[in-house]
Amino acid sequence: MSKAGALDLASGLGGKMEKSQVLSAVEKYEKYHVYYGGAEEERKANYTDMVNKYYDLVTGFYEFGWGESFHFAHRYKGESLQESIKRHEHFLALQLGLRPGQKVLDVGCGIGGPLREIARFSLTSVTGLNNNEYQISRGKELNRIVGVDKTCDFVKADFMKMPFPENSFDAVYAIEATCHAPDAVHLLISFSFLNVISLCLDACIFCVDVPLFCHIFKFCIFFLSLDATARFIEY
């Protein structure tokens, strides 16, 4: 992140958490986990609240230490972290076969680092789907700063219950975001209802056995009529 970006983050522009809210959020988040007496059933039933508490607390740290794109990428010798991340985002855009003017959905978009890079690289309009108000607020401000606020936006919603009609988008991608999904098959089915031309998912999608997920993914492509251009990227 640039020094100017760090200053923006420190000032709380486009997303901040009051000090009085931090301790309460930490306590509530901890109670979902086994060490503090939480149960798996409770975590799944309240996954939206649990995930929101987590990202309310860590987003500022993520951006300060990681930058605006909260994901990893293969890193070549001599390549910086930011260069590898940008290259991976360009790779995804190429895999999706994006063309200028198309509409794209970023599922679990964080503060929108990938959507801004992909939108500028491919000259597309990208919508970020996110269920965390803190991150959306920050993302909107960053969109405005770099001048993509007219072509890129955010929708606050649960990716298990996507609020979009068929044919809303030409392409959809998810980058290391949907590991929080309580039901892998249900999430893939929700992707199928979008009826998109291209779909890219990555191997971190559910933090489960990758070969098993590949079978689930292929099942959904074949039986749920996802387009043949769907991609599952393992890295």
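Which elements make a right-handed β-α-β unit? In this predicted model, for which local features need pLDDT of at least 70 and side-chain atom pairs count only at pLDDT 80 or more, totals for chains, interfaces and linings use all residues. Residues are numbered from 1 along each chain as its sequence is written, and side-chain values use heavy atoms, with hydrogens and water left out.

The right-handed β-α-β unit is made by β2, helix α7 (residues 133-146) and β3, where right-handed means that, with the strands pointing away from the viewer, the path from the first strand over the helix to the second runs clockwise. Strand β2 spans residues 125-130 and strand β3 residues 153-156, and the two pair in the parallel sense over 4 bridges, strands being taken to pair if DSSP finds at least two bridges between them. Within this pairing, G128 has F154 of β3 as its bridge partner. The protein as a whole has 9 helices and 6 strands, which are DSSP runs numbered from the N terminus (helices H or I, at least four residues; strands E, at least two).

Of the 235 residues of the protein, 48% count as buried (under 20% relative accessible area, with exposed over 50% and partly exposed in between, for a 1.4 Å probe and protein chains only). Among contacts between residues at least 6 apart in sequence, 66% join residues at least 24 apart, a contact being defined by heavy atoms within 4.5 Å.

In soluble globular proteins, nonpolar side chains tend to be buried together. The largest nonpolar core has 19 residues, and L105, V107, M162 and F191 are those with the most contacts inside it; such a core is a set of buried Ala, Val, Leu, Ile, Met, Phe, Trp, Tyr and Cys residues joined through side-chain atoms within 4.5 Å. The elements that give two or more residues to this core are β1 (103-107) and α8 (184-192), and α8 gives the most, with 3 residues. When residues up to four places away in sequence are not counted, V107 touches L129, F159, M162, V172, Y173, A174, I175, A177, T178 and F191. A second, separate core of 18 residues includes V126, V148, A171 and Y173.

Aromatic rings of Phe, Tyr and Trp (its six-membered ring) were paired if their centres lie within 6.5 Å, with planes under 30 degrees apart counted as stacked, over 60 as edge-to-face and the rest as tilted. By this rule the count comes to 8 aromatic pairs. The rings of Y62 and F70 are edge-to-face, because their centres lie 5.1 Å apart and their planes are at 80°; Y62 and F70 are both buried. The pair F164 and F169 is likewise edge-to-face, because the ring centres are 5.0 Å apart and the planes are at 85°, and both of these residues are buried. One aromatic cluster is formed by Y54, Y55, Y62, W66, F70 and F72.

A search of the whole structure for disulfides finds 0, a disulfide being a pair of cysteine sulfur atoms within 2.5 Å. C109 counts as buried because its relative accessibility is 4%, and C152 counts as buried at 3%.

Positive phi values in residues other than glycine were also examined. L123, in the loop between α6 (113-122) and β2, has a phi near 60° and counts as exposed at 58% relative accessibility. N167, which is placed in the loop between β3 and β4 (171-173), has a positive phi of about 65° although it is not a glycine, and N167 counts as exposed at 55% relative accessibility.
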